[in-house]
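Hello,

Here is the structure you asked for, with its sequence. Please open it first, and then read the notes that follow.

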Amino acid sequence: MSRLGICQMCMDRRWYHNVAVSPTPLISVMDCVSCIREPTEDDILLIHQTTMADEEAIQELDSEMTLLYSVLERLRLQKDKHRENIRRARSLLTLARRLPPELLARIFEICAKSGWTRAPVVVSQVCSAWRKAAAFPRVWSYLFLDLRSGNPTGKVVFWLSKVQHALLHITLDIPLESPSLEEVLSLLIPRSKQWHTLIIKSVDSTTMNYVLRRCNFPLPDLRQLDVITEMEGSQGDPVNMPSLQDASRLSRLLIEQPNLPQWNDFMKVTKLHIVLSSSTLFVPSINATDWIEMLQALQELRDLTLELSKPGTRTYNDIQRAVDLPHLESLTLHVSPEVNRILLTMRTPALRQLHLRCSSDPLARPHMPSGAHLCRFLESSPCVQLLELYDVDVQRIDFVRCFELLPKLEELRLHDSDIADEQLRLLHGDTGHCPNLARLDFRWCNYLTGSALVNLTKSRLPQNESEERGSPIMPQTRQINGVAVINCLHVKEQDVLDLAEMTHCRVLIRSDEDHCYRRGCCNNERYRQRLRLRHNNKLPKRLIL
C-alpha cells in the first residue's frame, strides 16, 4: 500500500476520533418562553434566535455527515481491495493450480469424450498451465466432424497435427450432399492404424456403403464401430456391412438402420447393439431367418441388444429354427410384445442378465404369448441371475413358472407388473423358490402390497436358531439385502420404514443410467421430500432417498 494511502487512512481515523459522539443536550425552546399562549416580544426574539441557532447546527451536522460518508466510502473501497487481494492469494492455492499436467490432461480428455467437442480448443486458451496440459496428444483424440457446416477439412488438418500418434476416436456426421467427404476421408485414411473408435452417421444407406467400402484397409486398433443411418438410399439398397477382416480387435458394434444388418464374418465382436429405426411410413418386418443368419457369424458374442427406436409395432416372421450362442451373458430386447417371439430363436446356456422392455405403450392386460415365450426361453437358460421385465407383463402363472426355472436368480426388476402377493409367497423362507434372490426392484406394481414385501424380507432374515439356543441352522436361502419400491399403490409409508429396519430400502431410481431416468416415469421427488419433512429427517439409516 502506498505511503499516501496510509497517511490518508491515519487522517481519517484521527478525524473520526475527534468527532463528538455524545453532543451537548438540546434545550427546548418551550422551556424558555414565559407564555406559550401569548408570547411576549422577548419570547419572540428568543424564538428567532433559537431557530437561527438550530439551523446553523443542522448545517454543521450536514457537513460532518458528508465527511463521514466520504470516510465510509474510502473505507469500503479499502475493504474491497483487501478482499480482492485475499481472493487472488487463495486462488494461488487452489487444486486446479496444483494438479500435475498429466491429471489435467486426463480431465480434458474426459470432457471431450463426454461430448464437449471444443474442449481441447477452449481449455488451451485459459492459462499457460492449462495450455501445457492441453498439449498432450491424447487430449485431441476425440475428433467430431459435422460435414454440414464450417471447414471440416481445415479442422482435420489442425486436429491431426495435435493428436500426433495417439489413438483416434472419430465421429463423422454426413449429410445427403457433402462435397468435402472425399477430401476428409483422404486425410483420415492414412491414420487408419490409430483408429480406436469410428462412429459414422449418415442420412441414407448409399453414402454409408460408400464410406464403409473406403474402410477396406488395415485397422489394427479399431475396437468400436457405430453405423447410424436414417433411411435406405435412392436405389433401395440396405447398409452392407463389410467383413473388416483387418480389424482383428473390433469387439463393439452398434448399428442403427431400418433393417437388420448383413455381413459375412464378424467373429470377434463380443457386444452388439442393433437399433431398428422407422423414420419412413413403411415399417419393414423382422425376418427370423435374417436374424439367425446374422447371429451365426457371432459365435463370440457376449452382450446383445435389439431395440426399436420409436414406439410402435413391427411384424415378425417366425421360423422353427434356433441359433446357439454359447458365450452370451447379457440379452436386452426393447421391442413390441409381438417381437418377443424372437426369444425362441436363441439358445443361451451361459446367459446371466435378461432385460425385456416394451417399446410400445403398456398393455391393459398381461400379454399371454410373451409369458409363454419367456418360460420356453428360460428352459435353456438356467444361469440367469438378473431378470428385468419393463412394461412386459405376463400372467401370474407364468411368474410361478419363471421362479421354478431360475434357481440362480439374484435380482428381480419389475416395472408396471401385475405380480401379486401370492407369487411373492412362493419365495418365502428356506424352502422358497430362487434361493439366491437378494435384490428386488418393483415400480408401478399396483397389485402388490407392502406387507407382502415386509413378510418376504422378514422370512429371509438369518434368525433360524433353535428354541434351546443350540447350534444355528444354516439358511438355505440368501438374505434380501436390497429392496426398491417406487410408485407402488399398496406399499404404504410404514411398509417402507419397516423394510428399512431390516434391509436397504430405496425409493428412488438407481442412477442416470437407469432406464426410467430417460423416460422420467419414476421421478417421485415430492414424495421423498414429504417423507423427509414428515419425519424431520429422522429416518432409518438404511432408507435411501
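**One residue to start with**

Beyond its neighbours within four places in sequence, Arg528 is in contact with Val507, Leu508, Asn523 and Leu545 (contact means heavy atoms within 4.5 Å). Before going on, note that this is a predicted model, in which local features need pLDDT of at least 70 and side-chain atom pairs count only at pLDDT 80 or more, while totals for chains, interfaces and linings use all residues. Residues are numbered from 1 along each chain as its sequence is written, and side-chain values use heavy atoms, with hydrogens and water left out.

Arg528 belongs to helix α17 (residues 525-534); helices (H or I, at least four residues) and strands (E, at least two) are DSSP runs numbered from the N terminus. Is Arg528 buried or exposed? Arg528 counts as buried, because its relative accessibility is 9% (buried is under 20% relative accessible area, exposed over 50% and partly exposed in between, with a 1.4 Å probe and protein chains only). One of its contacts is Leu508. The C-alpha atoms of Arg528 and Leu508 are 8.3 Å apart, and the two residues are 20 apart in sequence.

**The chain as a whole**

The chain has 17 helices and 19 strands. Of its 545 residues, 43% are buried. Among contacts between residues at least 6 apart in sequence, 71% join residues at least 24 apart.

On a 1 Å grid over the protein atoms alone, a cavity is a set of points where a 1.4 Å probe fits but cannot get out, and a pocket is an open set with protein on both sides within 12 Å along at least five of seven lines; lining residues have an atom within 4 Å of a point. A volume is the space filled by probe spheres set on the points.

The largest pocket holds about 590 Å³ of space. It is lined by 21 residues, and those closest to its centre are Leu254, Lys271, His273, Thr305 and Glu307. Two or more lining residues come from each of β3 (195-204), β4 (224-231), β5 (252-257), β6 (271-276), β8 (303-308), β11 (330-335), β13 (353-358) and α16 (515-519).

How many cavities of 30 Å³ or more does the structure hold? There are four. The largest cavity has about 80 Å³ of space. Its lining is made of Glu388, Leu389, Tyr390, Arg413, Leu414, His415, Asp441, Arg443, Arg510, Asp514, His515 and Cys516. The elements that give it two or more residues are β14, β15 (411-415), β16 and α16.

**Aromatic rings**

Rings of Phe, Tyr and Trp (its six-membered ring) pair if their centres lie within 6.5 Å; planes under 30 degrees apart count as stacked, over 60 as edge-to-face and the rest as tilted. The whole structure has six such pairs. In one of them, the rings of Phe108 and Trp130 are 5.2 Å apart at their centres with planes at 55 degrees, so this pair is tilted. Phe108 is in helix α4 (residues 101-113) and Trp130 in helix α6 (residues 128-134), 22 residues apart. Phe108 is buried, at 4% relative accessible area, whereas Trp130 is partly exposed, at 24%.

Trp140 and Phe158 make an edge-to-face pair, with 5.5 Å between centres and 85 degrees between planes. Trp140 is in the loop between α6 and β1 (142-146) and Phe158 is in helix α7, so the pair ties together parts 18 residues apart in sequence. Trp140 is buried, at 3%, and Phe158 is partly exposed, at 37%. Together with Trp159, they form one aromatic cluster.

Charges also sit over rings (NZ of Lys or CZ of Arg within 6 Å of the ring centre and within 35 degrees of the ring normal). The charged end of Lys155 is over the ring of Trp159, 5.1 Å from its centre. Arg396 lies over the face of Tyr447, also at 5.1 Å from the ring centre.

**Two backbone angles**

Gln164 has a positive phi, near 55 degrees, though it is not glycine. It sits in the loop between α7 (152-163) and β2 (168-174), and is partly exposed, at 44%. Cys434 has a positive phi near 50 degrees. Its loop runs between α13 (421-424) and β16 (439-443), and Cys434 is buried, at 2%.

Regards
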